[in-house]
Amino acid sequence: MFEPVESPSSRTIDPLRLQRLFKEGRQHEIGFSAVKTSGFPEKEKVLVLSGNSRRDLHRSKRSWMWNQFFLLEEYTGTDYQYVGKLHSDQDKGDGSLKYILSGDGAGDLFIINENTGDIQATKRLDREEKPVYILRAQAINRRTGRPVEPESEFIIKIHDINDNEPMFTKDVYNASIPEMSDVGTFVVQVTATDADDPTYGNSAKVVYSILQGQPYFSVESETGIIKTALLNMDRENREQYQVVIQAKDMGGQMGGLSGTTTVNITLTDVNDNPPRFPQSTYQFKAPESTPPDSPVGRIKANDADVDENAEIEYSITEGDGYDMFEITTDKDTQEGIITVKKALDFENKNLYILKVEASNTHVDPRFLYLGPFKDSATVRIQVEDVDEPPVFSRPAYIMEVKEDVPINSVIGTVTAQDPDAAKNPVK
C-alpha cells in the first residue's frame, strides 16, 4: 500500500512560528517534509497488493492515519519546495518500481521522483488562488508496466501566511446623523475582509480602530460599528466630520497588516435655535395716501437652523395700530411684510406703535428647555402728511337771485378749507 513518509524532524509546529520563519527566509529551520495536522479524519482503506500477474492479486485490509501534506504559500526559496514522500510497501528498494503522479498540477506545479517517490513544488503557490490540490499516486512495475497497487488519492493543502491586508468594502463611506444626538448613537457600520485563511491563526482576524475623528466618534473593535462619542454636537458650529478607520489583522497585534477607509459624516439639522430679531425696534414711514394692502416695510428674525426648522410666522400681538396694519410671512425670504389695512389720515393720527412677534412653525419638544422659540420687536410707523386739495364746507349750495338784480350784487357765499395741518389759505 501507499503510505506518507515523514522525516524524523516532522512535528506539530506553531503556525505563527512557521509564518515568522518563512517571512524571515529561515524556512530551512522548519525541517519537515510533512507535518501532522490535527483534526484530519482517520480513514481505513482496502488496498490491493500486487503479485507477478493479475491472477496473483489478492486483497489485504489495512488501516492507517492519512496525513495530508501541506506547503507554505508564497515560497521565495531558490530551490524547489519539498512537499513529502510517497512509498509503497511493495517497494523493495531495488529500483523495480516506478512512481507516477496525476491530478491537480501534476507534472507542472508538482513533480515526483519516479524512483524515490519524493514530491516537490516547482512554483510559488497562492492559497487565495487555490487552497487545496487533489492528486493521485500510482506505483507500477518498470518491467511489465503494470500497477503493483491501485491508484491512491492524497491532498496537498496550501498553508496560509499573512500576505493579505484587510480591505474595506468601500473606499469612502457617507453617513449622516441628527445634531445633538445622544452619546452612543449608531452612525454607520464599516466592514473589512481579509483574504487570508480565517480558520488558521489570526491572519484574517480583523480589529477596527479609529485613527481620526476623536473625540467625536468611536468604533467598536470587533464589529466596525461607528457611534457618537461626544454630547451636544451642534451643526451650527460644525456640520462635516471626516473619520478615518483602520482595520488591522492578526487580531490587532504588532506586525499585522492594515487597511484604512474614510467615513464622511454630516450632522443634519434639528430645531434647536429659536428665531431672534437682530434689533429691538424698527421704524418705517408711510404717506397718508398709501392705499390699503400696500406694503409699508419688511422685518426679519434670524434663525440659525435650515429648511423647515427655520420657518417663521409673524404676528402683531398688540399696539395702537392693531386694526390698521397686518403682517404676513414671505415664504421665500422668511421676512415679515407689514401692510396697510385701512386708509391712513395724518391729521387724525400720525404715529402708530406695534408689537410684532416671530415664532417657529415647527417646534421640537426635546429642545424647549433652550428657551421660548419666539421673539418680539417694536415697530414704529410714522404717517407722513400729503398736500390735500381744499374741501368745501358743503357738497352742494342752493342760491336764489332775482332776475333784475344789479350787476355785481352778492347772491351768496361758498366756503372751503385746507384740510392739511398747515391750513394754507384758499383761493
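Visitor: How much of the protein chain counts as buried?
Guide: Of its 427 residues, 39% are buried, meaning under 20% relative accessible area with a 1.4 Å probe, counting protein chains only. This is a predicted model, where local features need pLDDT of at least 70, side-chain atom pairs count only at pLDDT 80 or more, and totals for chains, interfaces and linings use all residues. Residues are numbered from 1 along each chain as its sequence is written, and side-chain values use heavy atoms, with hydrogens and water left out.
Visitor: How many helices and strands are there?
Guide: The protein chain has one helix and 28 strands. Both are DSSP runs numbered from the N terminus: helices are H or I with at least four residues, strands are E with at least two.
Visitor: Pick a sheet. What is the strand order in the open sheet of three strands?
Guide: The order is β13-β17-β16, with antiparallel pairing; two strands pair if DSSP finds at least two bridges between them.
Visitor: How many bridges join β13 to β17?
Guide: Three bridges link β13 to β17, residues 225-228. In β17, I226 is the bridge partner of V188.
Visitor: New topic: where is D196?
Guide: D196 sits in the loop between β14 (192-193) and β15 (207-212).
Visitor: Is it buried or exposed?
Guide: D196 is buried, yet has no salt bridge, which would take a side-chain nitrogen of Lys or Arg within 4 Å of a carboxyl oxygen of Asp or Glu. The nearest side chain of opposite charge, R127, is 5.1 Å away.

Key. Buried < 20%, exposed > 50% of the residue type's maximum accessible area, 1.4 Å probe, protein only. Lys, Arg positive; Asp, Glu negative; His and termini not counted.
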